Amino acid sequence: MKTQSLKVVGFVAAMLFASSAFAGENTRLGTYLARADIQQPASAPQCSDPKAQLIEAADKAGVKLNVEQIVTASSEDVNFVGTSIQGFEQVPATDLPKGVDAGFVYLDAPRSGIPAGFYRLNAHADEKDIQKGTYQGTVGLIGADGKEVTRLAATMETSSLSVPNPLPYARTRLETRIGTHNPERQDIIIIIIHCPNGTTIIIVIW
């Protein structure tokens, strides 16, 4: 298993600030996205129907997706397709120590060192770290064989330790941006999972 450096957590935490990407959410990424050279989401050029392929792969893996909102993004070196997983809406932050499936994606980013493929995003945080506010966690990329290919550093932002009733909105939303933020101009992939359960998950892949 390959582990991405935890320096990503510090990097993400340092650049967080309030954003209005989704109504009722404060994911705090606007300034960083403005500083980075951002590629706007676009259809992955190597897939004739990337959304259909994502749904087919999820069906084979027995994963139920929120298919109402599937996002795609691409650059010269990156292809990404993804959405959230049904049921994460009812998972409280206090379940994160057990590991919880939050998203399902296709990732092809050779320079990241992660093999191209379909992955479940399994979110985790230590029990001692979970709180209202911002804290560190990880997200494991689980392949079709059920094995974890890599574990990525993540930043969690929790506004409620229990699932709000009623939910502030119906389903978990996933968004992504591709940008560059280093001298080598290497692509950076930012994945944000906004969930009405009270927790937002921010992942940076480079």
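## Basis of the description

Buried means under 20% relative accessible area and exposed means over 50%, with partly exposed in between, for a 1.4 Å probe and protein chains only. By this rule Lys98 is exposed, with a relative accessible area of 65%.

The model is predicted, so local features need pLDDT of at least 70 and side-chain atom pairs count only at pLDDT 80 or more, while totals for chains, interfaces and linings use all residues. Residues are numbered from 1 along each chain as its sequence is written, and side-chain values use heavy atoms, with hydrogens and water left out.

## Overall fold

The chain contains 3 helices and 10 strands; these are DSSP runs numbered from the N terminus, with helices (H or I) of at least four residues and strands (E) of at least two. From the N terminus on, the order of elements is β-α-α-α-β-β-β-β-β-β-β-β-β.

Of the 206 residues of the chain, 52% count as buried. Among contacts (heavy atoms within 4.5 Å) with a separation of 6 or more, 57% are between residues 24 or more positions apart.

## Nonpolar cores

In soluble globular proteins, nonpolar side chains tend to be buried together. A nonpolar core is here a set of buried Ala, Val, Leu, Ile, Met, Phe, Trp, Tyr and Cys residues joined through side-chain atoms within 4.5 Å. The largest such core has 34 residues, of which Phe88, Leu107, Ile191, Ile193, Ile201, Ile203 and Ile205 touch the most other members. At least two residues of this core come from each of β2 (71–74), β4 (100–109), β5 (114–124), β6 (133–142), β7, β8, β9 (187–194) and β10 (199–205). The element that gives the most is β4, with 5 residues.

Leaving aside neighbours within four places in sequence, Leu107 is in contact with residues including Phe80, Ile114, Leu141, Ile189 and Ile205. A second, separate core has 10 residues, among them Leu54, Ala57, Ala58 and Ile70.

## Salt bridges

Side chains of opposite charge can pair when their charged atoms come close. With a salt bridge taken as a side-chain nitrogen of Lys or Arg within 4 Å of a carboxyl oxygen of Asp or Glu, the count comes to 7.

Arg120 pairs with Asp101, the closest N and O atoms being 2.9 Å apart. Because Arg120 lies in strand β5 and Asp101 in strand β4, this pair ties together parts that are 19 residues apart in sequence. Asp101 is partly exposed, at 26% relative accessible area. Exposed Lys98 forms a salt bridge with Asp95, at 3.7 Å between the closest N and O atoms, and Asp95 is partly exposed at 23%. In the salt bridge of Glu175 with Arg177, the corresponding separation is 3.9 Å; Glu175 is buried at 10%, whereas Arg177 is partly exposed at 24%.

## The loop around Ser160

Ser160 is placed in the loop between β7 (148–158) and β8 (173–180). With a relative accessible area of 17%, Ser160 is buried. A polar atom of the Ser160 side chain lies 2.5 Å from the backbone oxygen of Ser162. Apart from neighbours within four places in sequence, Ser160 is in contact with Ala93, Lys132, Asn197 and Gly198.

Methods. Polar contact = N/O pair within 3.5 Å; in protein donor to acceptor, adjacent residues only side chain to side chain.
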